Amino acid sequence: MFSHVMLGASNLDKSKQFYDALLGTLGCKPGFTDPKNRTFWRHAGNTFSITAPINGEPACHGNGSTIGFAAQSPEQADAAHAAGVAAGGVTCEDPPGWRGEGAGRLYLAYLRDPDGNKLCLLHRPPKAA
């Protein structure tokens, strides 16, 4: 359904370090920056990017918005969460852990990036056969 996700960033260097650390734990190579100073991460057919807002206004987070990144395991979600916090992010919501029951059970780890964007590392366990 989506072609990409792009977020505004107020400090592109700090945000690149943050996302290189967080996304690197999910198997993504470091982002590459194009001549327009936008940075892109591509992994598993998906594209995530950051840029300074083109209207010249300050970057800001969306109230009520969350961007979810898929994790292959709870351990990978925890590693990405820890890497993000170590690289300038801030943990938010409940601590990382399992939520829900039965088929709707998910492992979630929430944090905010340096610009306050809410992120979620999400692991869905395999469906029972």
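Contact here means heavy atoms within 4.5 Å. The close-up views below are all taken from a predicted model.

**View 1. Phe69 and its contacts.** Leaving aside neighbours within four places in sequence, Phe69 is in contact with Tyr19, Leu22, Leu23, Leu26, Phe48, Leu119, Cys120, Leu121 and Leu122. Phe69 also belongs to the largest nonpolar core, where it is one of the residues with the most contacts inside that core.

View 2. The largest nonpolar core consists of 22 residues. Those with the most contacts inside it are Tyr19, Leu22, Leu23, Phe48, Phe69 and Leu121. At least two residues of this core come from each of α1 (12-24), β4 (46-51), β5 (67-70), α2 (74-86), β8 (106-112) and β9 (118-123). Of these elements, α1 gives the most, with 5 residues. Another core, of 5 residues, lies apart from the largest one, and its members include Cys92, Tyr110, Cys120 and Leu122.

**View 3. An open sheet of 4 strands.** The strands of this open sheet follow the order β1-β4-β3-β2, and their pairing is mixed. Because β1 (5-8) and β2 stand at the edges, each with a single partner strand, one side of each is left without a neighbour in the sheet. Helix α1 lies across β1, β2, β3 and β4, and runs at about 155 degrees to β4.

**View 4. The hairpin of β2 and β3.** Strand β2 (residues 32-33) pairs with strand β3 (residues 39-43) in the antiparallel sense, over 2 bridges. Thr33 stands opposite Thr39 of β3. The two strands form a hairpin with 5 residues between them. In the turn, Asn37 has a positive phi of about 65 degrees.

View 5. Strands β3 and β4 run antiparallel and are joined by 5 bridges. Along this pair, Phe40 has Ser49 in β4 as its bridge partner, while Arg42 stands opposite Thr47 in β4. The hairpin that β3 and β4 form has 2 residues between the strands.

**View 6. Two residues with a positive phi.** Most residues other than glycine have a negative phi. Ala44 is not a glycine, yet its phi is positive, at about 50 degrees. This residue, Ala44, is found in the loop between β3 and β4. Is Ala44 buried or exposed? Its relative accessibility is 67%, and a residue counts as exposed over 50%, so Ala44 is exposed. Glu93 is likewise a residue other than glycine with a positive phi, near 65 degrees. Glu93 lies in the loop between β6 (90-91) and β7 (97-99).

**View 7. The largest pocket.** Rolling a probe the size of a water molecule over the atoms shows where empty space is left. The largest pocket holds about 610 Å³ of space. It is lined by 22 residues, of which His43, Asn46, Gly68, Phe69 and Ala70 are the closest to its centre. Strands β3, β4 and β5 each supply at least two residues of the lining. The largest share of the lining, 4 residues, comes from β5.

Definitions and conventions. Residues numbered from 1 in each chain as written. Predicted model: local features only at pLDDT ≥ 70, side-chain atom pairs only at ≥ 80, totals over all residues. Heavy atoms only, no water. Core = buried A, V, L, I, M, F, W, Y, C linked by side-chain atoms within 4.5 Å. Buried < 20%, exposed > 50% of the residue type's maximum accessible area, 1.4 Å probe, protein only. Pairing = 2+ DSSP bridges. Axes fitted to C-alpha atoms, helices over the stretch in contact; angles between N-to-C directions. 1 Å grid on protein atoms, 1.4 Å probe; cavity = no way out; pocket = protein on both sides within 12 Å on 5 of 7 lines; lining within 4 Å. Points joined across faces, edges and corners; volume = space filled by probe spheres on them.
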